[in-house]
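Reader: Could you take me through one part of this model in close detail? I would enjoy a connected account that starts at the surface and then turns to the strands.

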Amino acid sequence: MGYEIGDTFETRHGKMTVVDSLRIQGKNGVLRKYYMLRCEKGHQYPVGESYLKAGRLVTCKKCNHPTIAERDPEFAKWFVDSSIPWEKSPYTHLKADFYCPECGKIVKGKNINNVYQRRRVQCPYCGDGISYPERYIHALLTQMQIPFVRQYTVKFQENGRKTHYKYDFYDQERNIFIETHEAQHFVPHVFERVGRASLEKIQQRDHEKRRMAVEQLGIGYIDLDCRKSDPDWMKAEVMKKLSFYPLETVDWKREQREANSSITLQLIALCQQGYTQKQAERGTEKKNRRAED
């Protein structure tokens with residue numbers, strides 16, 4: 001015996017009501033009995049009769065996995081196709097076209113989950129190819145008005161050949177390097193899949209860079225665990241390892257916004273405010289205009 005329109009089922013998200021019955025053809029060509037169910041929030045989708053009779057209906061799948069528009073209305077505005085946020089979860093790995101929130105141009109074919117987790121669109125028009133952790137620390141030091149050099153280069157010779165190390169940030173006043181280590185510094189096979197260095201080689205290089213900084217150059221070395229490109233993860237790591245900075249002055253909402261902006265656009269904005277290019281690049285305070293003259 002089947003179900004009638006108006007029959008209800010109790011779930012963790014309240015009652016779901018039968019609003020229609022229908023038959024849907026499966027991949028094998030067989031027609032099967034389905035019922036259109038609607039939850040108390042208005043979500044509606046078909047559920048198989050056998051699924052219902054087995055007592056497997058325990059949640060409204062759309063309440064359990066809200067759509068993008070329900071979970072994050074601001075993120076929903078990034079989509080070129082406005083219907084997608086009302087149909088898909090932010091955790092889907094389907095690809096979609098996005099408006100770049102920085103420059104407004106359309107960026108095609110990006111993984112929805114990746115864009116949602118990173119809170120940024122990898123834009124070929126205004127993007128700078130710089131990782132989220134580097135942008136996060138760049139924005140943090142700039143906001144605290146800490147002078148720094150990004151991608152500080154140390155040249156040396158190894159086995160008779162010229163080579164060099166690059167350190168992500170150098171705070172010359174405090175004489176420390178700050179390195180932002182992403183997943184490839186902790187998780188096996190991240191780069192090996194694309195023919196690049198193994199975890200062992202990456203960690204060995206990290207050890208050598210630390211040794212050179214501390215033992216040969218006499219410069220402090222701080223490595224931040226940035227295996228997650230997530231603002232909460234980054235903030236916790238900063239609070240733990242960079243507590244000697246005036247973090248009480250940081251506007252964390254501003255930090256999150258600026259970390260999502262490309263450094264290229266940040267530098268343009270600083271120059272528009274009156275910074276010289278050199279000042280903007282080094283994250284220094286604006287000089288007195290009279291002194292510049």
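**A surface patch, a hairpin and a sheet**

Author: Val80, Tyr99 and Ile106 together make a nonpolar surface patch of about 220 Å². Patches here are made of residues with over 30% relative accessible area and no salt bridge, with nonpolar side chains (Val, Leu, Ile, Met, Phe, Trp, Tyr) joined within 5 Å and like charges within 9 Å. A salt bridge is a side-chain nitrogen of Lys or Arg within 4 Å of a carboxyl oxygen of Asp or Glu. Areas come from the Shrake-Rupley method with a 1.4 Å probe, and for residues only the protein chains shown count as cover.

Please bear in mind that this is a predicted model, where local features need pLDDT of at least 70 and side-chain atom pairs count only at pLDDT 80 or more, while totals for chains, interfaces and linings use all residues. Residues are numbered from 1 along each chain as its sequence is written, and side-chain values use heavy atoms, leaving out hydrogens and water.

Strands (E, at least two residues) and helices (H or I, at least four) are DSSP runs, numbered from the N terminus. Isoleucine 106 counts as partly exposed because its relative accessibility is 36%; buried means under 20%, exposed over 50%, and partly exposed in between (1.4 Å probe, protein chains only).

Now to the hairpin, which S1 and S2 form with two residues between them. Strand S1 (residues 8-11) covers Phe9 and Thr11 on one face and leaves Thr8 and Glu10 uncovered on the other. S1 runs antiparallel to strand S2 (residues 14-25), joined by four bridges; two strands pair if DSSP finds at least two bridges between them. Glutamate 10 has lysine 15 of S2 as its bridge partner.

Further along, four strands form an open sheet of mixed pairing, in the order S7-S8-S9-S10. Strand S7 (149-158) and strand S10 (220-225) are at the edges with a single partner strand each, so one side of each lacks a neighbour in the sheet. Within the sheet, strand S8 (residues 161-171) pairs with strand S9 (residues 176-181) in the antiparallel sense over three bridges, and tyrosine 170 has phenylalanine 177 in S9 as bridge partner.

Helix H7 (residues 132-143) packs on this sheet and touches S7, S8, S9 and S10. Contact means heavy atoms within 4.5 Å. Helix H8 (residues 199-216) also packs on the sheet, touching S7, S8, S9 and S10.

Terms used
Axes fitted to C-alpha atoms, helices over the stretch in contact; angles between N-to-C directions.
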